[in-house]
Structures are given as C-alpha cells and as structure tokens.
Amino acid sequence: MRKKTYAAAALFAAAALTLSACGSGDDSNKPIADVSAEAGSGKVATILDKPFEKPDLVLTDTHGKKYDLRAQTKGRPTLIYFGYTHCPDVCPLTMNNLAVAKKQLPKAQQDKLRVVFVTTDPDRDTPSALGTWLKGIDSDFVGLTGDFATIQAGARTLGISIEPTSKDKNGKLVSVHGTQVIAFSPKTDGGYVLYGEDATVDDYTKDLPKIIRGENP
Amino acid sequence: MRRPGRPSRSLAGCATVIAAIVTLAGCGSGGNDSSAEPELKVTGAYMPAPSMDSMAAGFFTVTNSGGADTLTSVSSDLSDDITLHSTKGGAMEEEKSFAIPADGRLDFASGGNHLMFEKLTHKPKQGEKVSVELHFAKSGTVKISMPVKSATYTPKTGH
C-alpha cells in the first residue's frame, strides 16, 4: 500500500516538475503542494501495516557515553530522526517542530517520550557538537553519533537512505538527512508511524498524545 | 471499411503525441520576450530563528511579470558567507545562480531551495529584521527586509 502511494506520488511529482519547468507562466498554483495533499489525502502520518523493528544501534550520546537504542528506549514512545547539524533548513525545522509539540504535553507525558536524533555526519557531529546544537532546541533530546557505516545500516532497516558526507564541486562538505520521522510504539517497540517533511507543529501536537499511548494517530 | 481506417487512426494518435512534444519544447525556450526588461517583486521573505550563530536559512519568493532574469548572489550584514542551495531527496546542493523565467516565479521554500547564511555576526532573534540584498543579472540589487520568525514557522500555517 505504502509503496504504491509513494510511487504514484513520485509520478505526479515528476509530471509536475516537467510541467513547471516548461510552463513557467502560471504562478497561480504550486503543483508540488497539490501532490503532497493527494499522496497523504490530508493526513501527514502514514500508519504502517508492518511496523519496523527498532534498529539495533549502539552509539555514543552527547555526554560521550554508550547508548544502546533498543535497551534504553524499550517500552518508551520514541521518535527517531536522522539528520546533521550543519543543516540550515529541514533538520532544525524537524527537531524544533518536535520540541514545540512536546512542550505542549503534560509533564508526565513529556517524561515518557524519547526523541532521538541520530547524526548522518558523525565526523563533524561529535558528541559535544551535537550536544550544543540540541541544547538550542530541547536539552532532553537524545543525540547519537558514531561509526557512519553503523548509522547507515541502522537507517536502512527503517527504509531511510543516507550517504556519507562528501565534498561538492566547490570543496564544501555536504551531508544528507533523512526525510522522515519514525514513531515507535511503547507497547510493541515497533516503528508504526511515519511523518514526512511536511509535518507541522500542529500535526505533531495533535498526534503525540496518541503515540505516547501506542495508539494510531 | 474498418480496416483501412485503423492505420490512419494510429497515425493520428502518433501525430498528436509528436505535436504535444513540440508544444512543450516550444514553450520551454522562454519564448517571445527574452529581451524584455524583467519586473521583479520579492514577497514572503523570512528567516526561521536559528538555534546557533553558526548557521541560518532564508526563504522568499520572486515573481516576475517581465522578461527572464537570474539571481546571481546574495549579501547581508549578518554574514559574509551566503550561498544558494537546492535540495533533492534530503541532500542539498550549492547552486551558482537561479533562473527567474519570464512571467514566472522563483521559490525559496523550506524543503527546497534555500539561502544558507554561515558564520553569523550574531544569533538573530524572533522579531528581528535582517537586511538582505539580492543581486540579479539584469535587475541589479533588490534590498529586502527579512523578518526572523519562530524556528517552526511555515508560511502555510503562519506560525
């Protein structure tokens, strides 16, 4: 089901791009926005029929300590995102969306929730660099860094494809972030809800109380 | 009666496809008024409040009611290091310039094209206004005031 929807969305997007590259005159509507509305049919959350298993990641947290993702988030509602701190746009927006939505929860629910940011750029995102960055967003968030191959393999089990940081034609370092936030249920520890980049504070605010109870948003 | 009709029908179908391709290609060339003066308007500019003073993004829309132009560079007191980026599938790519088609628009929007400000002179706070100069190949420099919005601001929801 999900794959089909994405394929259809990709087709629409491709069509829209072709059209907009050509018919530059029409500025009345943005086809890309329409596409995402169609693909998600008004809902930004995608509930998975077959949840993802939580990746077996043992990495280093922002205090330089070993962090075993499965052990330390067991039985906890957990949100995972793969990104990097040298990212001006989507990574801070995604993490700030989660931070603002989290702050609107009752204290007891906030304490249950785990938000885990796994870096896709471990060379630059040392534990302390990650810690400084996350402190500006929400100091309760967990930041993980470590061996890139391990992180990449963990991301792959969640259907998230990332590449190592590379140099672009101007010699600048360029990293890649994931495009989804994955929510894991406290009941099953399975990753059962996906959020795309268009998810807003309001979407997370509405859905988080349900995710914290392991219910479908 | 039907048989001879068939090949001509499929030929007609074929011709329609070719015509469609030609039409698309024709309109892609930018067309009739490539020599006309561009008439640019910049709207919807904003900067999400950055969490550190090392990096910030900027967004805006350029609408053009005249001939084609090109955004070549951006400058500001906030940073000496401002670059233009596109984003494809989670990876951003630096671009030297961005085309603004005749009678078209150029969007810098979250998740897509963005300005990247690095090594900021200070960390801009929500409510502040950042003065930014957009440099165009034909229209010259356009000064805009870029309001700093919340870190989670989206033009769609307005907060």
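**View 1. Chain B meets chain A in this predicted model.** In the contact region, 27 residues of chain B touch 31 residues of chain A. Four elements of chain B each supply at least two residues to the side facing chain A: α1 (2-28), β2 (55-64), β5 (91-95) and β8 (114-118). By type, the chain B residues on this side are twelve nonpolar, eleven polar and four charged.

**View 2. The fold of chain A.** Chain A has eight helices and ten strands. Of its 217 residues, 41% count as buried. Contacts between residues 24 or more positions apart make up 70% of the chain A contacts with a separation of 6 or more.

**View 3. An annotated site in chain A.** UniProt, in an unreviewed entry, places a "binding site" at A:C87, A:C91 and A:H177. These residues span 91 residues in sequence, but no two of their C-alpha atoms are more than 8.4 Å apart, so they gather at one spot.

**View 4. A close look at A:C91.** A:C91 sits in helix α4 (residues 90-103) of chain A. It counts as buried because it has 25 C-beta neighbours inside 10 Å. Leaving out residues up to four places away in sequence, A:C91 touches A:G83, A:Y84 and A:H177.

View 5. A:H177 lies in a loop of chain A, between β8 (173-174) and β9 (181-184). A:H177 is buried, with 25 other C-beta atoms within 10 Å. Setting aside neighbours within four places in sequence, A:H177 has contacts that include A:C87 and A:C91 from the annotated site. Its contacts also include B:G90, a residue of chain B.

Conventions:
Residues numbered from 1 in each chain as written. Chains lettered and ligands numbered in written order. Predicted model: local features only at pLDDT ≥ 70, side-chain atom pairs only at ≥ 80, totals over all residues. Buried ≥ 20, exposed ≤ 12 C-beta atoms within 10 Å, placed from the backbone. Contact = placed C-beta atoms within 7 Å. Nonpolar A, V, L, I, M, F, W, Y, C, P; charged D, E, K, R; others polar. UniProt positions renumbered as here; feature names shortened; annotations may be inferred.
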